There are 4 protein chains.
Amino acid sequence: MLVVMKPHASQAEIDAVVGKIREMGLQAHTIPGAQRVAIGVTGNKGGLDPGQFETLPGVADAIRVSQPFKLVSREVKEEDTILDVGGAKLGGPEIAVMAGPCSVESKEQILETAHAVKAAGAKFLRGGAFKPRTSPYEFQGLAEQGLKLLALAREQTGLKVVTEVMDVESLPMVADYADVLQIGARNMQNYSLLKQLGQVKRPILLKRGPSATLKEWLMAAEYVVSYGNYQVALCERGIRTFETMTRNTLDLNAVPVLKALTHLPVVVDPSHGIGLRKHVAAMARAGIAAGADGIIVEVHPHPDKALSDGHQSLTPDEFEGLMRQARVIAGAVGRQL
Amino acid sequence: MLVVMKPHASQAEIDAVVGKIREMGLQAHTIPGAQRVAIGVTGNKGGLDPGQFETLPGVADAIRVSQPFKLVSREVKEEDTILDVGGAKLGGPEIAVMAGPCSVESKEQILETAHAVKAAGAKFLRGGAFKPRTSPYEFQGLAEQGLKLLALAREQTGLKVVTEVMDVESLPMVADYADVLQIGARNMQNYSLLKQLGQVKRPILLKRGPSATLKEWLMAAEYVVSYGNYQVALCERGIRTFETMTRNTLDLNAVPVLKALTHLPVVVDPSHGIGLRKHVAAMARAGIAAGADGIIVEVHPHPDKALSDGHQSLTPDEFEGLMRQARVIAGAVGRQL
Amino acid sequence: MLVVMKPHASQAEIDAVVGKIREMGLQAHTIPGAQRVAIGVTGNKGGLDPGQFETLPGVADAIRVSQPFKLVSREVKEEDTILDVGGAKLGGPEIAVMAGPCSVESKEQILETAHAVKAAGAKFLRGGAFKPRTSPYEFQGLAEQGLKLLALAREQTGLKVVTEVMDVESLPMVADYADVLQIGARNMQNYSLLKQLGQVKRPILLKRGPSATLKEWLMAAEYVVSYGNYQVALCERGIRTFETMTRNTLDLNAVPVLKALTHLPVVVDPSHGIGLRKHVAAMARAGIAAGADGIIVEVHPHPDKALSDGHQSLTPDEFEGLMRQARVIAGAVGRQL
Amino acid sequence: MLVVMKPHASQAEIDAVVGKIREMGLQAHTIPGAQRVAIGVTGNKGGLDPGQFETLPGVADAIRVSQPFKLVSREVKEEDTILDVGGAKLGGPEIAVMAGPCSVESKEQILETAHAVKAAGAKFLRGGAFKPRTSPYEFQGLAEQGLKLLALAREQTGLKVVTEVMDVESLPMVADYADVLQIGARNMQNYSLLKQLGQVKRPILLKRGPSATLKEWLMAAEYVVSYGNYQVALCERGIRTFETMTRNTLDLNAVPVLKALTHLPVVVDPSHGIGLRKHVAAMARAGIAAGADGIIVEVHPHPDKALSDGHQSLTPDEFEGLMRQARVIAGAVGRQL
């Protein structure tokens, strides 16, 4: 059961609801939302009667929720969430296209890429300034210098900046420069970070952990939303399986299943998903055909010289070719691009 | 190294090549092909010089093959293999559509389904007469009676019949009725069966084992081809992963990777792949967008009453809706349907 | 519900039970056992009352079975099944040790190995005459010649012969020579073969498929048992996971879980399980500590020259060292060896 | 190549080595160690000659390292690392036993448990004050109050405290109370946290991520060590596979493989690994038989009332029974307990 309070419910009204729940021998979880408070009820064995709560002062609604993820569930909110990133949309009828290099490497590199992907039709520029690397001896990103270059590229092109934040310490700095905060796969269950993201005024692009079930992933999104930030999109980027010919196994099954379970937008990352440059376009097309709300694609002007992930980055020409095909597929599934 | 003999090379010429290989301290594997013999050479540490073999009498070609799968590799045969099933094609510009119930259950059921999927544009009728079931206590199929009903449906509709053969014992009987022999996922590495399939004059639809790597799957196809049957198509039907919300994880990454590695056609089975009726169409569309040569879809006039797999079967209406979308996607990737 | 008939129940009595079940609108599955017939009842929504069946003529017992595997379940038979292989036991207080080469290669090889493993304390000789190989170009075994060599080794040492049967065609021949019929991992769901094994008078060692769940594995054993052969042991040999440093992932969790669910003996194969010679002994010890009823270990007099699996075969000396450790561990868990 | 400086090498000596490496066109990675600096060399195509570096002032050694993990590798340090936790050892001849509840819940609970596990022979008390939970609506731990209770239990029993640290923010506080800092599976690749752990004066127990390969896990340990903290132990706690009957799949194969690759101690967590109370003892025994240096076991005085993980917690009595068996197994593999 989820008791949703009215937008301006008073603290006394909230306390009264909590008190009532506890009197019933149940637990009350006050969920500090951006605009309204919701109170999750747990501990009940059978179903509860919504009528017990709907009549209390300050209560907007009492909703039976069968899933462990509540606020992100379509049971709670039926209509699609559309993120508005300074005018660029994610989740609406237009497929959102995010493109750019794995890592920001230099001014020339990021500007050349930004202009190229903008010309091909992207609305978002991706690029990492803080890079989670398997080895401590590998390139770890340009840090704030990288963020500044992303901001410069935004200034020149109008593209919205999507970049990864790796920890609570650098969150204020990254949030200062970024339009969308990307959470990497290995941080999907970094709950301390997720709680902080709930209190940030930036949309979140939450990547799926390499072995996260769909339920766990939705629960991770629930952390962010329950702490107050409703601007969350999910990004499928490949799961870990036994197959070794591909870097990961892009799980497109996730797309229709998630679209049915949650109102949050779903983005597909074919670059990490399959990890092989020549097959990225095929998987991007398939992602759109499966119903994704957006794609995020690695593009590098000189993939062979990239400091990271060059083997899975498209050249600007290849990206442009993909965009042409993607437009037709989008049309076939009632979307535009 | 693969030494390919001319179509009418004599036994003496073949023996001479084998003798030469053995003299070099290597192993010779004579591969009885449908039209010509090939001789695989193994045991060499470094590369071999093709010139040593090309000059021998009866030799057409000597090919360096870096992959463990040889005859199914694009290294050996660059152009796509197109299966011709009595006029219906699999592997060419037209996407092959196979549809029908999981199990043949009755005359009414199979005829109603056959007419419906024919009307919607399918060229192949799928339906199981021998059913591999996890439990010995479940419906095991109608056996020959089911085959006869499939043949009747073919007679009435002109659809080509795709049906599973489970063992060597029933192979002659199934081959008598079927146009395409389907090998189920759990038999993908039933080598005794694969060897027999190499000597059958029927195209084979070889499903991927639930935990088979792409390489193992290609090796299984290599068994069939090396025993003489070059008419093989591969069918991706979902792999086993940790995710439990879907029945399997349809691995569409397999499609572009296989299309690059092998000349054999690649078919996608979204029904078993995702296992949830309402999401089958999305995965079928995605399969075509990824570059599949065909789709195989479960259709049942009354899914709720199906003896097997009803939860993943489309109704004829849903199938017709899928076909309309599939046509547009096919066009977007330069194919037709 | 499982209705177990008395050993000499008449056909009329069986028919009467089946008739009664059908009258109730349920399905009856007559299970042809070696000594008595059992009738599985399915299709019921809630629980059934055993009293309805126990009073019918010829009925020995009516058992509520909550698991889909019935005859192999501890719910149906509480005490451990002990296989008696010509005096050598599998499943009792003594840990059964099976050892020998992956493939039978020559008279010298198999006799040298047999004498060595006998001296170290093994009671069973393993060795493959028919080899399922991923590639059609690899050594496929010595076939009947290999079986004859195994029989010769048995004659000289008294060891019981465990060898793989790959198909229905060769089953009579293999059953003629073997004491225990091994079913390989890739044939675990070869249902046509399983049904035939149900009618053979030889104990079966059923290996787990590389991606089979415990439930599917038990269902495969249920096939053999329900077709009449109650002499079945299960062999854990490693599952397929994402880890690539080991050949497979030996799943020792399976041992205690299976011992609780089924009365059948459980054997562990550390050689295939981890696939690395220097770690085989550690996993064999762990298997015994986890509660396994037996181990099956690859031993080859000259692993570096083995035609298959040399990288995971112990030398006779290493095997003898393992046996010394294994004896102490067996004692620690109340077993002997 | 790893150039290891002498303990008191001057900055000028270090700079000279770095300069020499760069002159060669290679990258130098200065690794700030607790007692001495090491300089990793990367970017070389072929092997390097150690002699080029060993003759430079301040250089202790130059080591060829073939693995991507360097400082944790047995190639670099052959002898076992033994952690000394205030007199309690982890990694030496004695098996380290860590036991206690999943979460610290109350003073009574933690003290009762601590006295019981101490009496049974444990040297370390485990217990979570900060709990990473899949759902934001579940019990998140007692935080500092929990740490204080752990400290109280240590005071009364002399047990060393092992407790989880979830983020950089709470690291100083947790390090104040804990003897060993546990890093949870979901934080294994939280690189920001790992870097900070490199600068903490507390031993680290690094749990394996649920889908981390052994190599990735060792690379995570390399982060901690390369940032200066050599006191690291690895804890296998089950990986994610397709099997659903067990909570995770405890991968005991990891034990012998890791012991060969690294000098760090390896601990096994059978409680999370199999996740079923009645099978925890079997897996603990198997872990010791496989060669683990320690076990960490959940014990709760009243598992059925536990706020978390009760289904996998042993009672004090069950734990004592396990300890008796574990002692015999330890002896069988040349260890004590």
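1. How many residues does the contact take from chain C and from chain B? The contact takes 27 from each of the two chains, where residues touch if their C-beta atoms, placed from the backbone, lie within 7 Å. A caution before going on: this is a predicted model, in which local features need pLDDT of at least 70 and side-chain atom pairs count only at pLDDT 80 or more, while totals for chains, interfaces and linings use all residues. Residues are numbered from 1 along each chain as its sequence is written, with chains lettered from A and ligands numbered from 1 in the order in which they are written.

2. On the chain C side, H7(C) gives the largest share, five residues. By class, that side has ten nonpolar, eleven polar and six charged residues; Ala, Val, Leu, Ile, Met, Phe, Trp, Tyr, Cys and Pro count as nonpolar, Asp, Glu, Lys and Arg as charged, and the others, Gly among them, as polar.

3. Over in chain A, helix H11 covers residues 316–332; helices are DSSP runs of H or I, at least four residues, numbered from the N terminus. After H11(A) comes A:Gly334, with a positive phi near 75°.

Terms used:
Helices (H or I, at least four residues) and strands (E, at least two) are DSSP runs, numbered from the N terminus. The expected span of a helix is 1.5 Å times one less than its number of residues.
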